[in-house]
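Open the viewer and keep the selection tool to hand. We will go from stop to stop, picking out one piece at a time.

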Amino acid sequence: MNTSAIIMLVLVLGIFLGGIGFCMSRLGKKRDDSDPVA
Amino acid sequence: MIQREQWDSRTAFVLAAIGSAIGLGNIWRFPYVCYQNGGGAFLVAMLVALFTAGIPLLILEFSLGHKMQGAAPHAFFKVNKRFQWFGWMAMLVGFFICCYYAIIMSYSFNFAIASFTEAWGDNPSEYFYTTTLGLTDSPLTLGSFKPMIFLGLLVCWVCITLSTWRGAKTVSKVVYFTVIIPWLLLVVFIIRGVTLPGAVEGLNFYLTPDFAKLKEPQVWLAAYTQVFFSLSVGFGIMIAYGSFLPQKTDIVNNAFIVGLSDTLTAFMGGLAVFGALGFHAHSLGKPVADVAAAGPGLAFVIYPTIISNLPFWQPLFGVLFFVMLLTLGIDSAFSMTESVSASIKDRWKLKHRTANLSVGVAGFLFGLPLVFGAGLLWLDIVDRFMTQFGLMLVCLGEAIIIGWYYGSGKMRGYVNDLSEMRINWLWDAGVRFILPVATVVLLVWEIVKRIESSYKGYPRIAEFFGGWLVVILLPILGLVLAAIKVKENRK
């Protein structure tokens with residue numbers, strides 16, 4: 001594969017996997033931690 | 001007031017929303033649209049579209065459904081009763097898309113059967129276009145009735161209707177199967193696709209951005225519509241899904257997970273398809289750009305190529321793959337029918353099953369004209385107009401109604417009260433300015449192009465009946481459905 005294609009592959013996978021990982025790690029935080037009723 | 005159904009769990013909602021978003025849009029539509037629009041350049045445009053329009057709209061639809069506690073017509077009615085017709089229009093866009101979506105699922109059904117014997121032999125293109133479809137050379141030549149496509153359509157609608165038989169509760173169970181299994185199979189296909197001889201050429205075409213292509217408005221129009229189609233925004237689906245969410249939920253986080261997972265799936269599917277396109281080009285000694293017809297049939301030519309080149313168990317993987325396409329289609333389709341039946345149920349206070357059955361029968365009947373030889377050509381026209389006009393108009397309308405009339409600040413406050421991840425003025429800017437400007441520019445560009453020449457040179461009369469007329473009917477039918485309600489209220 002050429003260099004541009006490799007950069008694109010790494011960039012796109014980084015954005016998606018990083019983004020999903022970050023969101024998953026925050027899932028439900030506020031509701032569990034700060035909701036006085038719960 | 002009717003007690004609304006809710007998801008079994010937050011995981012069920014996230015999976016259902018991902019399941020709705022991940023569908024044929026990723027595995028069937030994305031590869032050919034990307035191929036048609038230059039590969040790498042399209043990927044860049046799609047990423048921009050995802051963050052400037054797709055995810056902001058997803059947040060908007062989830063929050064609208066959650067706040068108003070109803071499907072699209074009810075939600076827009078609660079914003080202002082004059083906008084109820086618009087909610088119906090959004091729902092109708094989803095319904096019409098679902099009608100031709102079921103035909104693609106029927107093709108998958110037929111290919112699942114064909115996989116037992118690898119019936120396509122060494123020429124999947126010939127098998128798909130001639131044997132399976134009996135494709136004619138013009139939409140005006142109807143061609144022969146295809147009983148197997150008819151049977152597939154019937155089976156699909158039965159599956160769709162049964163999947164939503166008990167509402168959100170059934171969906172909660174079904175999604176564990178229809179989201180996780182397809183992903184596992186996709187991984188197998190990616191591994192095979194990228195290891196085929198010549199796959200590198202296809203991957204270079206897919207991943208190398210040709211920035212000159214980004215000057216072409218067509219690439220941007222295709223990217224925005226692909227994002228809307230793929231994320232199921234502008235169909236009214238996510239508004240209905242948002243209404244089933246528990247009172248306490250993190251809307252922003254959910255929207256990001258759904259948006260990113262969906263686009264990641266399309267991207268991964270692209271790796272498999274473009275790897276196989278590279279292999280195809282390598283075998284024929286042609287450039288990747290010229291190797292296959294870039295149209296709705298691409299998936300049914302390229303995936304069988306991968307299957308035939310698997311080192312072992314080709315029939316098993318063939319059956320699994322096309323059953324996967326079928327299940328992906330079903331979970332997207334049942335989200336569309338669920339949205340329609342939720343609207344009908346909210347409006348006429350019908351039983352869930354009555355509403356569901358009515359939608360299933362209507363969807364089946366509307367799909368019948370596509371079971372003839374010219375079906376794929378009509379599907380191509382309807383898909384073009386429903387996505388480039390129908391979806392664009394609904395997304396534009398949502399941005400204007402919520403961004404300007406209801407107030408993006410008010411909706412943002414509601415979202416931030418619920419969410420751990422907060423949105424700021426950038427979301428307001430996206431909804432109030434970027435989205436309306438982008439959609440208006442792209443709509444005007446598409447109208448000018450269609451006035452200059454018909455889509456793919458199809459006869460004008462076919463373009464009128466399959467495209468313009470359907471688009472014109474959307475607001476009219478929306479107004480009619482909204483008007484029925486006004487009359488009943490007066491009684």
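Begin in chain B with two helices, α16(B) and α17(B). Select Q388(B), M392(B), C395(B), L396(B), A399(B), I400(B), I402(B), G403(B), W404(B), S408(B), G409(B) and R412(B) on α16(B).

α16(B) covers residues 375-418, and α17(B) covers residues 425-452. Their axes lie 9 Å apart. How are the two helices oriented to each other? The angle between them is about 155 degrees, and angles over 145 count as roughly antiparallel. α16(B) and α17(B) are therefore roughly antiparallel. Their crossing is left-handed.

A word on confidence before the next stop. This is a predicted model. The pLDDT of chain B averages 85, and 92% of its residues score at least 70. For the complex, the predictor gives an ipTM of 0.81 and a pTM of 0.85.

Stay in chain B and select residues 24-36, helix α2(B).

Which residues meet here? From α2(B), pick L24(B), G25(B), I27(B) and W28(B). From α14(B), pick L325(B), L328(B), G329(B) and S332(B). This contact has five nonpolar residues, three polar and no charged.

Next, switch to chain A. Chain A has 38 residues. Its secondary structure comes to two helices and zero strands. Of its residues, 11% count as buried.

Last stop: the contact of the two chains. Select 19 residues from chain A and 21 residues from chain B to show it. On chain A, look at α1 (3-26) and α2 (29-34); each supplies at least two residues of the side that touches chain B. Which element gives the largest share of that side? The answer is α1(A), with eleven residues. Colour the side of chain A that touches chain B by class: ten residues are nonpolar, four polar and five charged.

How values were computed:
Residues are numbered from 1 along each chain as its sequence is written. Chains are lettered from A and ligands numbered from 1 in the order in which they are written. This is a predicted model: local features need pLDDT of at least 70, side-chain atom pairs count only at pLDDT 80 or more; totals for chains, interfaces and linings use all residues. Two residues are in contact if their C-beta atoms, placed from the backbone, lie within 7 Å. Helices (H or I, at least four residues) and strands (E, at least two) are DSSP runs, numbered from the N terminus. Ala, Val, Leu, Ile, Met, Phe, Trp, Tyr, Cys and Pro count as nonpolar, Asp, Glu, Lys and Arg as charged, and the others, Gly among them, as polar. Axes are lines fitted to C-alpha atoms, for helices over the stretch in contact, and angles run from 0 to 180 degrees between N-to-C directions. pLDDT is the predictor's confidence in each residue, from 0 to 100. A residue is buried if 20 or more other C-beta atoms lie within 10 Å of its own, exposed if 12 or fewer, and partly exposed in between; C-beta atoms are placed from the backbone. Angles under 35 degrees count as roughly parallel, over 145 as roughly antiparallel, 65 to 115 as roughly perpendicular and the rest as oblique. A crossing is left-handed if the near helix is turned anticlockwise from the far one by less than a right angle, and right-handed if clockwise.
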